[in-house]
Amino acid sequence: MPGLRPSRPEEVPRQKELWKAAFHDEDPYIDLYYDHCHRPEQVLVLEADGEIRTMVAAFPLQLCLPDGTSVPSAYLYAFATDPRDRGKGYGRRVYAYAEERFSSNGAAGTTTVPAEPSLFRYFSSIGYRKCFSHRKAEYSRKVLPPIPADGQIRPVEAAHYNALRNELLKGTFYASYSDELIAHQKAISQLAQADIYALELGGVSGLAAAEYFDGDSVLIKELLFPGKRLAEAVSLVAGQLPACRYFVRTPAFWELPGGYIQDFGMVKWFDQHLDWQLGREVHGYLGLAFD
């Protein structure tokens, strides 16, 4: 009979096997999680016949509400099942186990990000609903405005980034990460030949977390810049990170020239009041998420 439990330190090699089989990530990227964020008790596993068959990792998050309050939650990440065992219901069982653990410890809900669009239907079938989106735009270098003369950009440390991130998003429905997790994103960005940045433009402060991918493209996976100069903020990043194309994500509630809304994350609420209050919310901001 398959059993459910927290993982053990000696099981990391098997977890890495499952992770790579599910997502095809390179070893250095997988190693970043295990070097910087891994806590054995935060990786939950299903074991059958003496071998781990399914895993999911959990990051604690605070979900911040528009009224300034926040509630504890968990982001379920790196959900992976041995390809030989797909279709056996192991994923449903490990998610139910994770939800039970976090609910009993006072979490208001759990969040997850489907790895591909088809998985939104799967997570809907186990009680998750769309809750988080972002506005996405794609720019070629040629169509960006000139680099603004009144702009500055510089790499920053995680604590600086996080403090400003929380200030910029105050009064919205968003996920607040720990400094440790922002540091993890900084390590991911640096592995991808980029960084996390503070921006200044016309006396207004903003942020960007970026990564190179596909040779000559940059993903600005989080661009936070209030006001109407978001496209110029992209140009600031482009001046720091030359490329042919830029893929930009910003909160759905901010305008981005040429942008469109893209579903991103889902939630299962344990708190009935929050389920009623936010049950139809689809434009909360999760951001980052380490995809």
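## Helix packing and cores in a predicted model

His 184 has 2% relative accessibility and therefore counts as buried (under 20% relative accessible area; exposed is over 50%, partly exposed in between, with a 1.4 Å probe and protein chains only). The model is predicted: local features need pLDDT of at least 70, side-chain atom pairs count only at pLDDT 80 or more, and totals for chains, interfaces and linings use all residues. Residues are numbered from 1 along each chain as its sequence is written, and side-chain values use heavy atoms, with hydrogens and water left out.

**His 184 and helix H6.** His 184 sits in helix H6 (residues 179-191). Helices (H or I, at least four residues) and strands (E, at least two) are DSSP runs, numbered from the N terminus. Leaving aside residues up to four places away in sequence, His 184 touches Leu 32, Tyr 33, His 36, Cys 37 and Phe 290. Contact means heavy atoms within 4.5 Å.

**Two helix pairs.** H6 packs with H5, and H1 with H2. Axes are lines fitted to C-alpha atoms, for helices over the stretch in contact, and angles run from 0 to 180 degrees between N-to-C directions.

| Pair | Axes | Angle |
|---|---|---|
| H5 (residues 158-169) and H6 | within 8 Å | roughly 115° |
| H1 (residues 12-23) and H2 (residues 27-36) | 11 Å apart | about 130° |

H5 and H6 are therefore roughly perpendicular. H1 and H2 are therefore oblique. The cut-offs: under 35 degrees is roughly parallel, over 145 roughly antiparallel, 65 to 115 roughly perpendicular, and the rest oblique. H5 and H6 cross right-handed; H1 also passes H2 in a right-handed crossing. A crossing is right-handed if the near helix is turned clockwise from the far one by less than a right angle, left-handed if anticlockwise.

From H5, Ala 158, Ala 159, Tyr 161, Asn 162 and Arg 165 meet Asp 179, Ile 182 and Ala 183 of H6. That contact holds 5 nonpolar, 1 polar and 2 charged residues. Here Ala, Val, Leu, Ile, Met, Phe, Trp, Tyr, Cys and Pro count as nonpolar, Asp, Glu, Lys and Arg as charged, and the others, Gly among them, as polar.

From H1, Val 12, Gln 15, Lys 16, Trp 19 and Lys 20 meet Asp 27, Tyr 29, Ile 30, Asp 31, Tyr 33 and Tyr 34 of H2. The classes are 6 nonpolar, 1 polar and 4 charged.

**Nonpolar cores.** A nonpolar core is a set of buried Ala, Val, Leu, Ile, Met, Phe, Trp, Tyr and Cys residues joined through side-chain atoms within 4.5 Å. The largest one has 83 residues, and Tyr 177 and Leu 199 touch the most other members. Strand E3 (residues 51-64) supplies the largest share of this core, 7 residues. Another core, of 13 residues, lies apart from it and includes Leu 44, Tyr 97, Phe 123 and Tyr 128. Beyond four places in sequence, the contacts of Tyr 177 include Asn 162, Arg 165, Ile 182 and Phe 290.

**Helix H7.** H7 (residues 230-240) is mostly covered, with 8 of its 11 residues buried. Among them are Leu 230, Val 234, Leu 236 and Val 237. The cover includes strands E6 (129-140), E7 (151-155), E9 (196-201), E10 (204-213), E11 (217-224) and E12 (245-251).

**Phe 102.** Phe 102 belongs to helix H3 (residues 90-104). At 21% relative accessibility, Phe 102 counts as partly exposed. Beyond four places in sequence, Phe 102 touches Ala 58, Ala 74, Leu 76, Ala 107, Thr 110 and Phe 270. Ser 217 is 115 residues away along the chain, with 38 Å between the two C-alpha atoms of Phe 102 and Ser 217.
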